[in-house]
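Subject: Structure handover

Hello,

Here is the structure we spoke about, followed by notes on what was found in it. Please read the notes with the structure open.

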Amino acid sequence: MSDKRTGCSRRGFLRGLAGAGGLLTLWRGLADSEGSSASPKANGKGPEAARHVQYGMLIDLARCIGCGHCVQACKMENDVPHEPTTFRTWVERYVLKARHTVVVDSPNGGIDGFPGSVPAADMLRSFFVPKLCNHCERAPCVQVCPVGATFATPEGAVVVDREYCVGCRYCIQACPYGGRYFHPEYHVADKCTFCYHRVTRGLRPACVEVCPRKVRIFGDIADAGSPISRLLHRHPIQVLKPTLNTEPRVYYLNLDKEVR
Amino acid sequence: MVPKQVVAIVVLAVLIITTFFVARFFLVPDSFGLTGHFRANAITAIAAQEPRYAGEEACSGCHPGIDELKIRAAHGPVRCEVCHGQARDHTLDPARHRPPHRTIPPGTCLRCHEHNATRPEDFAQIDSREHRPGIACLACHDPHEPEVERI
């Protein structure tokens, strides 16, 4: 059926549309291939990604004494507000009592240690668990950010762009590990960066630097010869909430099943 | 002759597309999308933060004697800034800045060594009410070499 009045047949119109669509696809394909050859995608799986170190942290729970130096140093290093709700890292005390009762406490994040022991008669077992952002490879917080203000650096550290964050708090809700808090001064989400400013200068993260028992081991998990890789290969390692498939970069040694 | 409707729709489309690209030009920040769905410049900004802890290697350059003493003793794994506090200012200008805890404040030892049932059993702990109460830890122990008693 052709329309004499407009001189434009339906078939002709559809043909034109298909041609335009094909051209657009071709143009986008070209643009993509140019983009990947000129500026390699940092998070891609190509050979370019192999050049970057990949940060990871191993925490040996059997060694932690709950002194809280890590919490204190983290706040000092990163200007984390001194409020009992704002932490980039914190320490929890787990107390396992009879009849499967588990009591967890973290007085002010453990920043002053844990003065006052739990009565030994009352408990079956007890241990400390330092926690921080797990720097997930498949981070829920990155996925939910509506503006792209939180992302993983090429080295795998999940960070927040403080200038670009709109403070919607979706990421704080999305994090299954409670690793994020709302910065009361800057009104943006804030979190552990693996001390990105330190590790890119060749220093250790502040919490690792001040850990007197070397509970926390930090290093390059992409380098098979690094101390952390060797430990990861030789010991039974666990992560927090493995069923969520977040693929954390914070690994635990001697983790109890009670730890959530 | 091009019909009126087609002209209208083409003009409208051009207007919408132009508005989109103009808005995009002003709304999307510099460096967004260069290496992913984020501002590439943010990485530089985050990396520019100044450290406050210098790292043990910065200490041992000027205080090698302490380092050698400590490394053989029980406090070998305890890095300098655990007790002495953040010392980057000190390493940059030693004359003007001292580490916050040049002499360690009271309570520093007990923070780690006071008995706590949650701590690993193989870790050295004391009950400060029973272990020489009223006597300062430093009277007997050198914190750099704690197992050698002075008296």
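Accessible areas here come from the Shrake-Rupley method with a 1.4 Å probe. By that method chain A exposes about 13600 Å², and carbon and sulfur atoms supply 55% of this area. Please keep in mind that this is a predicted model.

Chain A in outline

Chain A has 260 residues, of which 47% are buried. The chain contains 7 helices and 11 strands. Among its contacts with a separation of 6 or more, 63% are between residues 24 or more positions apart.

Helix 2 of chain A

The buried residues are H69(A), C70(A), V71(A), A73(A), C74(A), K75(A), E77(A) and N78(A). What covers them? From chain A, the cover includes strand 2 (89-97), helix 5 (196-199), helix 6 (206-209) and strand 9 (216-220). From chain B, it includes helix 5 (80-84) and helix 7 (108-113). Just after helix 2 of chain A comes D79(A), which takes a positive phi of about 55°.

The interface of chain A and chain B

The size of an interface is often given as the accessible area lost when the parts come together. Between chain A and chain B the buried area is about 4000 Å², and carbon and sulfur atoms give 54% of that area. Chain A brings 57 residues to the contact and chain B brings 38 residues.

Across this interface there are 22 residue pairs in polar contact, with both residues at pLDDT 80 or more. On the side of chain A that touches chain B, the elements giving two or more residues are helix 2, strand 4 (125-132), strand 5 (150-152), strand 6 (158-160), helix 5 and helix 6 of chain A. Helix 2 of chain A gives the most, with 6 residues. By class, that side of chain A has 28 nonpolar, 16 polar and 13 charged residues.

How many salt bridges are there between chain A and chain B? The count is 6. One of the pairs is D161(A) with R39(B), whose side chains meet at 2.6 Å, N to O. A salt bridge also joins the side chains of R204(A) and E57(B), at 2.4 Å, N to O. This pair crosses between chains, from the loop between helix 5 and helix 6 of chain A, where R204(A) lies, to helix 3 (residues 56-60) of chain B, where E57(B) lies. R204(A) is partly exposed at a relative accessible area of 21%, whereas E57(B) counts as exposed at 52% relative accessibility.

Salt bridges within the chains

Over all chains, the structure holds 19 salt bridges. The side chains of R162(A) and D190(A) form one at 3.0 Å, N to O. R162(A) lies in the loop between strand 6 and helix 4 (170-174) of chain A and D190(A) in strand 8 (residues 189-191) of chain A, so the pair ties together parts that are 28 residues apart in sequence. R162(A) is partly exposed, with a relative accessible area of 33%, while D190(A) counts as buried at 4% relative accessibility. Both residues belong to a network of salt bridges that also links R88(A).

In chain B, the side chains of R129(B) and D127(B) meet in a salt bridge at 3.1 Å, N to O. R129(B) sits in the loop between helix 7 and strand 1 (141-142) of chain B. R129(B) is exposed, with a relative accessible area of 68%, and D127(B) counts as partly exposed at 21% relative accessibility. From R129(B) to E114(B) is 15 residues in sequence and 9.7 Å in space, C-alpha to C-alpha.

Two buried residues of chain A

V199(A) lies in helix 5 of chain A. Is V199(A) buried or exposed? V199(A) counts as buried, at 10% relative accessibility. Leaving aside neighbours within four places in sequence, V199(A) is in contact with Y55(A), F194(A), R204(A), P205(A) and F218(A).

Q54(A) is in the loop between helix 1 (10-38) and strand 1 (55-60) of chain A. Q54(A) is buried, with a relative accessible area of 15%. The side chains of Q54(A) and R249(A) are joined by a polar contact of 2.8 Å.

Regards

Terms used. Residues are numbered from 1 along each chain as its sequence is written. Chains are lettered from A and ligands numbered from 1 in the order in which they are written. This is a predicted model: local features need pLDDT of at least 70, side-chain atom pairs count only at pLDDT 80 or more; totals for chains, interfaces and linings use all residues. Side-chain values use heavy atoms; hydrogens and water are left out. Buried means under 20% relative accessible area, exposed over 50%, partly exposed in between (1.4 Å probe, protein chains only). Helices (H or I, at least four residues) and strands (E, at least two) are DSSP runs, numbered from the N terminus. Contact means heavy atoms within 4.5 Å. Buried area is the accessible area (1.4 Å probe) that two parts lose on being put together, summed over both. A salt bridge is a side-chain nitrogen of Lys or Arg within 4 Å of a carboxyl oxygen of Asp or Glu. A polar contact is a pair of N or O atoms within 3.5 Å; within protein, one must be able to donate a hydrogen and the other to accept it, and residues adjacent in sequence count only if both atoms are side-chain atoms. Ala, Val, Leu, Ile, Met, Phe, Trp, Tyr, Cys and Pro count as nonpolar, Asp, Glu, Lys and Arg as charged, and the others, Gly among them, as polar.
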